[in-house]
Amino acid sequence: MRRRFAGLTVTATALLVAACADAPDPVGPINTGSNALLAAQGALDQVFDRAWPEVMALPGTVFADHEEVGNRLVFGVEHAGAARGVSIALSRMGIPASAFEVRVVPPIHQVATLQQRHRPTIGGIQIHFSRFVCTMGFNATDGTERSFITNSHCTRKQGGVEGTEYSQPTRTVDPTVIAVEVEDPAYMAGGTGICPRNRSCRFSDAARARYNAGTGSTQGVIARTSGPNNGSLEVVGSFSVTSQDNATTNFPSGTQVNKVGRTTGWTQGSVTGTCVHTAVQGSKIMQLCQTFVESPDDVLVGGGDSGSGVFRITSGNNVQLLGILWGGSSNGQLFVFSPLKQIRDELGAITATP
């Protein structure tokens, strides 16, 4: 058992990042050409003003544009079937095929970040409670109750159930209460058994919130950004939780693990300490038998990442859930997580796979 101790911080801040979207390059021209009768810029402007509302009302259309370069009308569609529908509609309006071009292009979507609103909810996104923000670790069921797991310190009071209410991403953006804290075991008093004098101890910094009926959630999914340790918060896909490690507390040194949190996104490091009894800076709290993860060249954790699900990639985007992050060093190069076994020992037999 390696024992390593560092000053650990568990802070949270309320931030909001706006979404944006970049249009992909168009591909696959279908109709091209020029039209002598409509060559004048002014004439095509009038044709475009008449045509684009009709075209964009059709299913599968992506964009409508009067391209100044080449002086032609260009319409983007998602697939060839939609292209045929656009061509027929324009023909019915008396617009010759030589005056327009229809391109098959990827559909354009809003780029969401970990700090924006997500419905249904998934792991790795921002949650808001009281005056703070944390990270939704992962969705899970406890018996028949739809729930999510986050940190005990991401409640109004660490240890004990006070009915903390959560919004997502913030109450300002969406005041809806999505879930309520229902499980958060009390901390053991110090001086008895394994907990030292003048300390309060648990084996996991974890709490469970039960979803309200009107909030959609997807179990077994964690948000994925563009890559590990690059600082991106843009959600470009997802990880699938295909298994969970319900037994391990001593992870082999050097095991590569990952987390996705609302502040630093997807980060990755190696296990450097297992079953470490860890004191929390500025408090009497001690988390027993925790796991340390480090990367000396990268920032792995920041304030607000508390609650992030920790996982191991098994293949592609399939992952095995290992636990939940709750703390980190002041330089951000080390994070600490509670193993899933200990979370289940304290919260019950929660299931995080679909």
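In helix 2 (residues 80-92), the residues Ala-82, Ala-83, Val-86, Ser-87, Ala-89 and Leu-90 are buried, where buried denotes under 20% relative accessible area, exposed over 50% and partly exposed in between (1.4 Å probe, protein chains only). Seen down the axis of helix 2, these buried residues fall within an arc of 165 degrees and therefore line one face of the helix; the arc is that of the directions from the helix axis to the C-beta atoms. Arg-84 and Arg-92, on the other side of helix 2, are exposed. The end C-alpha atoms of helix 2 are 19 Å apart, in agreement with the 18 Å that its 13 residues should span at 1.5 Å a residue (the expected span is 1.5 Å times one less than the number of residues).

The model is predicted: local features need pLDDT of at least 70 and side-chain atom pairs count only at pLDDT 80 or more, whereas totals for chains, interfaces and linings use all residues. Residues are numbered from 1 along each chain as its sequence is written, and side-chain values use heavy atoms, with hydrogens and water left out. Helices (H or I, at least four residues) and strands (E, at least two) are DSSP runs, numbered from the N terminus.

An open sheet of five strands has the order 9-10-15-12-11, with antiparallel pairing; two strands pair if DSSP finds at least two bridges between them. Strand 9 (138-142) and strand 11 (165-166) stand at the edges with a single partner strand each, so one side of each is left without a neighbour in the sheet. Strand 10 (residues 145-150) pairs with strand 15 (residues 207-211) in the antiparallel sense over four bridges, and Ile-149 stands opposite Arg-208 in strand 15.

The largest nonpolar core has 36 residues, of which Phe-138, Phe-148 and Ile-149 touch the most other members. A nonpolar core is a set of buried Ala, Val, Leu, Ile, Met, Phe, Trp, Tyr and Cys residues joined through side-chain atoms within 4.5 Å. Elements that each supply at least two residues of this core include strand 9, strand 10, strand 15 and helix 3 (340-347). Apart from it lies another core, of 17 residues, among them Leu-44, Phe-48, Leu-90 and Val-102.

His-66 is found in strand 3 (residues 61-67) and is buried, with a relative accessible area of 6%. The side chain of His-66 makes polar contacts with the side chains of Asp-45 (2.7 Å) and Asn-71 (3.0 Å). A polar contact is a pair of N or O atoms within 3.5 Å; within protein, one must be able to donate a hydrogen and the other to accept it, and residues adjacent in sequence count only if both atoms are side-chain atoms.
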